[in-house]
Amino acid sequence: MSGLFPGFLILSAALFAVGALGVMVRRNLLVVFMSIELMLNAGNLALITFARYTDTMAGQVFALIVIAVAASEVVVGLALITGVYRSGRGLDVDEMSEMRE
Amino acid sequence: MNPNSTLALSAVALGLPTAGFLVNALSAGRLPRRVVSLLGPGVVLGAFVATVVLLVQLLGQPPAARGITVTLWQWLDLSVRSGSGAVAKTGFNANLTVRIDPLSLLMMLVITGVGGLIHVYSVGYMAEDPGYNRFFAYMNLFITSMLVLVMSDSLVFLIIGWAMVAFASYVLIAFWYQRPSAVAAGRKAFITQVIGDVGLVLGTFLIFLNLRGGDGQLLHTVDLQTIFANVGPGPHLHNGLGPMGGGLVTVIGILLFVGAAAKSAQWPLHTWLPDAMEGPTPVSALIHAATMVTAGVYLIARFHPIYQQAPVAGGVVAAVGMGTAVMAAVIGCTQFDIKRVIAYSTMSQIGLMIFAVGVGAYSAGMFQFFTHACFKALLFLAAGNVIHALHDDQDIREMGGLSARMRVTFITFVVGSLALAGIPLFAGWFSKEELLSAGLALGPAVPWLWVIGVCVNVLTSFYIFRVVWIAFRGQPATPRAASAHEAPAVMLVPVVVLAGLASVVGFLNIDFFGFHPLTLFSDFLRPVVGVPAAQAGDGIQALALLAGTVLSLGGLGVAWAVYGRKVISPELVSRRLPWLYQLSLQKFYWDEIYGAALARPGLALAARVRDVTEPRVFDGVIDGVRSGVSGLADDLRSLQTGFLREYALVFFICAVLGLIVLGFRLA
């Protein structure tokens, strides 16, 4: 099992990087949102890996809390996205720039 | 004397005017006038009754036991207490302790007695005034403040009363706040009072920091009786406030006198008093004749143990008092405002009192205070009747012939004038001759003081009868004067009562120039202030009494010759002695001197700040901050592109950089 730790961490880092890249390059708000979820879960993976590695429960508990927060965030975020879409602005993040300058 | 009944009575004396003030002030003018007319004078007369009962109790005691201290209110007490609450070690305390002794009782009697009469008078005088309730609130506040001042046995509360008196006088002088001149006069009085407060406070600091007990230890006390008990010479080298006549005690004496001079309108802090005549006439009678201006006399009499240790300070006090007395008397001779003439005579008479307490004749000074309170309040109130009848005209040149139409006012004014002028058998004669006798008692080397005092008396009787003849005799100068009518009864009764007092109170103390068949007053005060050390020979004294009396009558005669018979033209004198006339008419130019020395440089400095410092420094700094912030904001605005993805990029770059830095730190 211990030999797999670097693998899990690399997977976590890769997932995080994919998520971050998605936030930065994708223009569709829904996809950006999904990328954020991806990053959160990458973080969860790293937390659980370290929890197993150190044989403590702290990381697991932390991951549970993150999942709970992420669920709440989804509720709020999706509501916002639905609101934006209903206002007839589309979901292109580059178009949402009324507050520049 | 039962301490409990003393406590209750002094609480009543102090509490009634306070309650009157609070009820009047907090009801914000909603009380009906009839209630205020009863409440305002009622509380002061109630306090007077309590004071009289206290007096009766005090007189029931042997003279040595006439003095009791009670604590009305425990405000601040840093004594160390044991578990059971008993005082283990006395620490600093500043409580409202009240001293009931002959000196404070005398002041209380005058404050509540004469003050009560003036309150009654005000019911008539202020009847038409829209600020009727406000007036009585202020008047009651003044009585409260004055009582705190004279009753307090703690330096802290003495200073509090001292400052409250200044405030109450400020609001009363500026009572008619619609008049710019009244507001300016109030401000002038208040500023002068504050200068005096500084002197008093510095003096008490020095006492507090330096007073040592009999064992040579610092006492750090504000309790007056403790201070006075320890100030004298003792067995220890570092006793009291240093050696007799030492620098420290002299400085303290002079600082206390700065406070006294401001309250009592003595040179060089005297200019506020004539201007204070802008206030309503009852205010002038209460504050600027009977009570507040005599607070300085009281202060020096109360602190006489300190002045006995500081002969130089006492000499300064006496010299300033005599100088002010002469100056004010000279000014009084040429003024045309009836209230200003009386104001200058107040200044002059208080100068004599200050002189007396300065040379150690405390009893004579306080006796002069007592008679003066009666006849000066009388003069002011009688003048108030005249002013009321002439619809606020105060110029004696526009009066004339009033004696026919205002019989009672005329007679009472003349009684007051006779008392003020020191004409035999009226109150002023007894007190002034006793006072001059004290001046003569200083020894044959200084008969000058007596000569100057007699000159003041001559001038006094001249200028006050000048007013009598110009204002009350002759022909009416204006139609208004011709149609003047007598004041209502509520205003006449107090005046008549005061006239009665001014005729008889002198007989309380027939003790001057070798004659002392009746010395009720000085016997009364003796437990507090003792007896003057020096007495002149009886022969010289009798001669001086005769000369002084004849000269006072001479002053009256000159006034009669000049203004009654018109055998001497006043214009002739002013042409012969133009410099003296101008000096007197322009009040010795003190207002001009202070204007040039203090007010104008102050205004110039203020103008400079306004024209230079304000635009360049203050505006410069503020403009700099504004343009700096707005420039920075202009630069930062370009970062706000509105592209979410760009923000995310920046965010990630910063996060990565932060992690790298953190990694290095941990490694």
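This note sets out numbered points on a predicted model with chains A and B.

1. Basis. Residues are numbered from 1 along each chain as its sequence is written, and chains are lettered from A and ligands numbered from 1 in the order in which they are written. Because the model is predicted, local features need pLDDT of at least 70 and side-chain atom pairs count only at pLDDT 80 or more, while totals for chains, interfaces and linings use all residues.

2. Chain B, overall. Chain B holds 27 helices and 6 strands (DSSP runs, H or I of at least four residues for helices and E of at least two for strands, numbered from the N terminus). Its C-alpha atoms fill a box of roughly 110 × 70 × 55 Å along the principal axes. Of the 667 residues in chain B, 50% are buried (20 or more other C-beta atoms within 10 Å of the residue's own; exposed is 12 or fewer, partly exposed in between, with C-beta atoms placed from the backbone). Among contacts in chain B between residues at least 6 apart in sequence, 79% join residues at least 24 apart; a contact requires C-beta atoms, placed from the backbone, within 7 Å.

3. Domains of chain B. The chain is divided into domain 1 (3-585) and domain 2 (589-666), with bounds from an automatic or database domain assignment. Taken over C-alpha atoms, the centres of domain 1 and domain 2 of chain B are 57 Å apart.

4. Nonpolar cores. The largest nonpolar core has 209 residues, and B:F142, B:C374, B:A377, B:L378 and B:A502 have the most contacts inside it. Such a core is a set of buried Ala, Val, Leu, Ile, Met, Phe, Trp, Tyr and Cys residues joined through C-beta atoms within 7 Å. Helix α15 (residues 362-389) of chain B gives the most to this core, 18 residues. Beyond neighbours within four places in sequence, B:A377 contacts B:V114, B:I118, B:A285, B:A289, B:A290 and B:L498. Another core, of 6 residues, lies apart from the largest one and includes A:A20, A:V23, A:F33 and A:V93.

5. The loop residue B:T271. This residue is placed in the loop between α8 (247-264) and α9 (272-275) of chain B. B:T271 counts as partly exposed because it has 19 C-beta neighbours inside 10 Å. Not counting residues up to four places away in sequence, B:T271 touches B:W590, B:D591 and B:Y594.

6. Chain A, overall. Chain A has 3 helices and 0 strands, in the order α-α-α along the sequence. Its C-alpha trace spans about 50 × 25 × 25 Å along the principal axes. The radius of gyration of chain A is 17 Å, whereas a compact globule of 101 residues would have a value near 13 Å (taken over C-alpha atoms; the globule rule is 2.2 Å times the number of residues to the power 0.38). Buried residues account for 15% of the 101 residues of chain A.

7. Helix α3 of chain A. The 29 residues of this helix (residues 58-86) should span 42 Å at 1.5 Å a residue, and the end C-alpha atoms are 42 Å apart, which agrees; the expected span is 1.5 Å times one less than the number of residues. The helix α3(A) is hardly covered, with 1 buried residue among its 29 residues. Just after α3(A), A:G88 takes a positive phi of about 80 degrees.

8. Contact between the chains. Chain B contributes 10 residues and chain A 11 residues. Helix α27 (residues 644-666) of chain B supplies the largest share of the chain B side, 5 residues.

Conventions. Two residues are in contact if their C-beta atoms, placed from the backbone, lie within 7 Å.
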